[in-house]
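Hi,

Here is the model I promised to pass on.

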Amino acid sequence: DDIRNVLVSFKGELTSVRSLAESASESVAMCHDRQAKTDANIMSIKVEVQAEAELQRSQVSDSLSRLRNQQSSSAQAIADATNRIEAIEDGLGKDTGKKLTSELAARV
């Protein structure tokens, strides 16, 4: 009779352990699902950030290229103006050319 009581008690404990194991298994499955969703969200954010960074790099590169072109154009315009001024100075005489250059500089 005692053995029967022990077996019934053991069977109850075993059922309780099985229930806990099933619950733990379900919890682990839910954790894995959440982890997979989190990983997918992280990858999505990473892709978005990389795309935005590449776009900004491209825009900065384009801006730098335009600035270099403008700088080159400005340098060429200055060189052309200097050559014209020197030609005017040569044609009018150094003193008159310097006077005109000073007047132009004052107006600008």
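A quick word on terms before the details: helices (H or I, at least four residues) and strands (E, at least two) are DSSP runs, numbered from the N terminus. This is a predicted model, where local features need pLDDT of at least 70 and side-chain atom pairs count only at pLDDT 80 or more, while totals for chains, interfaces and linings use all residues. Residues are numbered from 1 along each chain as its sequence is written, and side-chain values use heavy atoms, with hydrogens and water left out.

Overall shape, then. The protein has two helices and zero strands. Its C-alpha atoms fill a box of roughly 135 × 20 × 15 Å along the principal axes. The radius of gyration (over C-alpha atoms) is 42 Å, whereas a compact globule of 108 residues would have one near 13 Å, going by the rule of 2.2 Å times the number of residues to the power 0.38.

Areas come from the Shrake-Rupley method with a 1.4 Å probe, and for residues only the protein chains shown count as cover.

Now the salt bridges, meaning a side-chain nitrogen of Lys or Arg within 4 Å of a carboxyl oxygen of Asp or Glu. The count is two:

- Glutamate 54 pairs with arginine 57 at 3.1 Å, N to O. They sit three residues apart in helix H1, so about one helical turn separates them. Glutamate 54 is partly exposed because its relative accessible area is 45%.
- Aspartate 33 pairs with lysine 37 at 3.4 Å, N to O. Both lie in helix H1, four residues apart, again about one turn. Aspartate 33, at 39%, is partly exposed, and lysine 37 counts as exposed because it reaches 51%.

Last, which residues form a nonpolar patch on the surface? Val60, Leu64 and Leu67 do, with about 270 Å² of accessible area together. Patches are made of residues with over 30% relative accessible area and no salt bridge, with like charges joined within 9 Å and nonpolar side chains (Val, Leu, Ile, Met, Phe, Trp, Tyr) within 5 Å. Leucine 64 lies in helix H1 (residues 2-92) and, at 39% relative accessibility, counts as partly exposed.

Cheers

Notes. Buried < 20%, exposed > 50% of the residue type's maximum accessible area, 1.4 Å probe, protein only.
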